[in-house]
Amino acid sequence: MARTPNNPDRRSFDPNDGNFHIRSAKDSDLSRVGRDSPKMPAQRGRRMSAISRRQFLRLSSLIAVPLSIATPSMAPAKDSLFQPPGDRERQSSDLSDSRIGSSLANAVVVKNGNVCFVAGADGMVPLTNGHGFGLYYHDCRFLNGYVVRLAGKFPVALSGTATHPFLAKFELTNPRIRTSDGNVLSPDAIGIEWRRVVDDAQPALHDRFLLKNFGRRRAGFFLSFSFRAAFEDVYAVRDRLSRTLGVLHPPTWRNGVLGFLYQGKDGFYRSLSIQFSSSVDVTDAQTAHVPITLGPKESADLRVSLLLAESRNPPEAQTSVQRSSFPEKPDSDAPQASGAWFDALPRVVSDDLVLDKVVARSFVNLGMLRSQIDHLTYFAAGTPWFSTLFGRDSLIAALQTLAYDSSVAEQTLRLLAKYQGQQENSWRDEEPGKILHELRVGEMARLGLIPQTPYYGSIDATPLFLILVERHAAWTGSLDLFHELQESVDRALRWLETATHRYSHGYLAYMSQPERLLAIHGWKPLANQGWKDSWDAIVNADDSLAAPPIALAEVQGYVYRAKLAIAQLYERAHDVTRAARLRREASDLRARFNRDFWVAERGFYAMALQGDGRPVVVISSNPGQALWSGIVEESKAKRTVDRLMADEMFSGWGIRTLSEREQAYNPLGYHIGSVWPHDNSLIAMGFRRYGYDQAACQVFDGLLEAAMHFKSYRLPELFAGFSRSQYEVPVPYAAANPPQAWAAGAVPYLLEAVLGLVPEAFDRRLQIVRPTLPGSVDELHIQGMKVGKAQVDLRYERTQDGTVGVHVLKVDGALDVVVEQV
């Protein structure tokens, strides 16, 4: 093995003779990275815009990079063993400004707690600018470049997948290379098994390279590693702000460890330390060469660890790395917290392999998105852009998984209550009692350059908070959390009362004032504050935008359900007066909603009411979620269901956000024609509420079959609204977030819906109402489902006459299981 030189910055690798030579550090292009980086002072008055998910996801698709790094424009010279990274960067610098290759939708993502790594299918992160790959921690992309070369050439990627939330595996092999003794090594002679583990405890990323020579001849070569670290705020990454706020120190080598250090303008020092299990020769400030010699059939084991640190104290940020810090089995030692969470989940097994795979992938993705703030666990909305607490997203994902785990819902509610609005603040759209929309903890947030500290610009997070409080109680049979959060519940109800009387029509509505706030704060908020938050999501039949204030159909349903839900808890807590008042308010809201939102000539509900009371008369998915809430009158339910399941709305894969007959329809539009799995899961639960079981199963079947066509059976955040009759496969939406929490929760929630699970834990009872199964399933087992303090094992079985029977296999604790077939 080669020794580590005392002065590594003065050694270089000559591709002509394959040897190292002394040269001045000033000749190295990469040695100047960071040292000459321009600095950007804090600009409090700088105008910034709050962009919707669609806007910046489209942006991310424009700056995405190819999954395979070894493209013709980026590959080393044909006859060269090694091309200096500086030359390669100059050749590829224009790629960041063009539409290049695939999006992050096919990225391989591993995440554990607050550490997330997003890479291409070959496990690498390009050394070029203008991409979203990298190593993220606390809203900061620590690492933005990481490539591996074999004898100066990029390995050939054979496969890459995340087998667990914290573990990814890649299989690589060699192209045609020239070995250190001058011989030519044929392609596919060297196998490289690359295992990657993310560890939130240290925090760190551990890579293990298992190399094997399958050939009959001895092979000697250098395995080269190049890194880049810019410590960019996630908002700077996604908005392509390339300048640095703080001071990026030049990289250094100390005792064989490569160190990067950033002194943030927010007073925090952030560092990245990279160590190798073998001695290295270093030719550039950010490149290491490890000599590898393999005899026929011989193997080698190389490990690389990337350790992160963040502190107000510089010595603490510069992590001290010892050889012994390498985990003995980095690829097999599962993080204990993640493993315990999976072990505690009920087990779902059926006779349909596809369903089993989709369910398993759903929980893998949910496990990946489990994150912590203030030692409380929640589901982050999605990676890499939304890897933080979102009120609406985190609440819905927790709701979708209550039948399988109540602990995340409990901690999510505590966390959101902790950050509940306290005062009037137009910069953050904060109001007393309001539940947050988004919380950020990075450098730009600490400097006050963005309002997500937290930001409260969503109209629906507060009623969803109240709904989840009641659903948690229904599954656990306990009022403890309700009593603990009593003050937060009361403040949320007071906010609903105040907000619903703010505008003349008396509904919960929003009126974003982007131009006024832009002039005052330099911040342009979201134009729409429901889950369809893109600027053109709420649109009239003539393709004009709805006029604020806007009262969304589904949001009124959320308010209705929230008041009835909390009324039940007040009644159980013996506060019958308050319970009765909430029920009266809910009843009044239901009557007004069915009068004002129903459009008789179209036989459907309006998407929303505008400021002057005019309905937004388009056929959309919004009333489907109104079914979920129960605000829809029974006499109007059938026409609503039929319209949602008509060809104009149901694509065959799922229900579109907007009818294909509407003027604004676009099958590739973010909220104006696409299909969202989470939206469909709530709508299907609404179908079941009103007794339309066949329609619910049809939605489930469509999404289940769609999942077959996506990588690793992972339902994306959304996909295009093209009809199934047009294409044999669902058409992807290129910039969909991989993975997304409420998309991962869609199938578990759909399963709860079709199985007919209705918890009544206060009465120690589980109701199973009109049990059904997806069309591809004849038998399904659930083991270890918790209702209150009891656990139950169930078997669903389709009988010869087509009905579904339920068998109680085992009950631990006091629990009655009551099956209602009609």
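Trainee: In what order do the four strands of the antiparallel open sheet stand?
Mentor: In this predicted model, four strands make up an open sheet with antiparallel pairing. Strand E8 (145-150) and strand E21 (281-284) are its edge strands, each pairing on one side only. From one strand to the next, the twist averages 25°. The order is E8-E15-E22-E21.

Trainee: Which residue in E15 is the bridge partner of Tyr146?
Mentor: E8 and strand E15 (residues 219-228) run antiparallel. Six bridges join them. The partner of Tyr146 in E15 is Phe227.

Trainee: Which strands stand at the edges of the three-stranded open sheet with mixed pairing?
Mentor: The order in this sheet is E32-E33-E37. Neighbouring strands are turned by 20° against each other on average, direction ignored. Two strands have a single partner strand each, so one side of each is left without a neighbour in the sheet. Those edge strands are E32 (757-760) and E37 (816-820).

Trainee: Which residue takes a positive phi in the hairpin of E34 and E35?
Mentor: Strand E35 (residues 790-798) runs antiparallel to E34, with seven bridges joining them. The hairpin has two residues between the strands. The one with a positive phi, near 65°, is Gly788.

Trainee: Which residue in E34 is the bridge partner of Val349?
Mentor: Strand E24 (residues 347-350) is joined to strand E34 (residues 779-787) by four bridges. These two strands run antiparallel. The partner of Val349 in E34 is His781.

Trainee: Are H18 and H19 roughly parallel or roughly antiparallel?
Mentor: Helix H18 (residues 677-689) packs with helix H19 (residues 693-707) at an angle of about 160°. Angles over 145 degrees count as roughly antiparallel. The axes are 7 Å apart. The two helices are therefore roughly antiparallel.

Trainee: What is the handedness of the crossing of H18 and H19, left-handed or right-handed?
Mentor: Start with the residues that make the contact. H18 brings Pro677, Asn680, Ala684, Phe687 and Arg688, and H19 brings Asp693, Ala695, Ala696, Val699 and Leu703. By class, that contact has seven nonpolar, one polar and two charged residues. The crossing of H18 and H19 is left-handed.

Trainee: Are H18 and H21 roughly parallel or roughly antiparallel?
Mentor: The axes of H18 and helix H21 (residues 746-755) cross at roughly 10°. They come within 9 Å. Angles under 35 degrees count as roughly parallel. H18 and H21 are therefore roughly parallel.

Trainee: How many nonpolar residues does the contact of H18 with H21 have?
Mentor: From H18 the contact takes in Pro677, His678, Asn680, Ser681, Leu682, Ala684, Met685 and Arg688. H21 meets them with Ala746, Tyr749, Leu750, Glu752, Ala753, Val754 and Leu755. By class, three residues are polar and two are charged. The nonpolar residues number ten.

Trainee: Does Pro667 count as buried or exposed?
Mentor: Pro667 lies in the loop between helix H17 (634-645) and H18. Leaving aside residues up to four places away in sequence, Pro667 touches Gly673, Ser674, Ala720, Gly721 and Phe722. Its relative accessibility is 14%. Buried means under 20%, so Pro667 counts as buried.

Trainee: How far apart in space are Pro667 and Ala720, C-alpha to C-alpha?
Mentor: Ala720 is among the residues that Pro667 touches. In sequence, the two are 53 residues apart. In space, C-alpha to C-alpha, the separation is 5.3 Å.

Trainee: Does His472 count as buried or exposed?
Mentor: His472 sits in helix H10 (residues 461-476). Beyond four places in sequence, His472 touches Leu402, Ser406, Ala409, Glu410 and Leu481. At 5% relative accessibility, His472 counts as buried.

Trainee: What percentage of the residues in the chain are buried?
Mentor: The chain has 21 helices and 37 strands. Among its contacts with a separation of 6 or more, 68% join residues 24 or more positions apart. Of the 822 residues, the buried ones make up 63%.

Note on methods. Residues numbered from 1 in each chain as written. Predicted model: local features only at pLDDT ≥ 70, side-chain atom pairs only at ≥ 80, totals over all residues. Heavy atoms only, no water. Axes fitted to C-alpha atoms, helices over the stretch in contact; angles between N-to-C directions. Parallel < 35°, antiparallel > 145°, perpendicular 65-115°, else oblique. Left-handed = near helix turned anticlockwise from the far one by under 90°. Contact = heavy atoms within 4.5 Å. Nonpolar A, V, L, I, M, F, W, Y, C, P; charged D, E, K, R; others polar. Pairing = 2+ DSSP bridges. Buried < 20%, exposed > 50% of the residue type's maximum accessible area, 1.4 Å probe, protein only.
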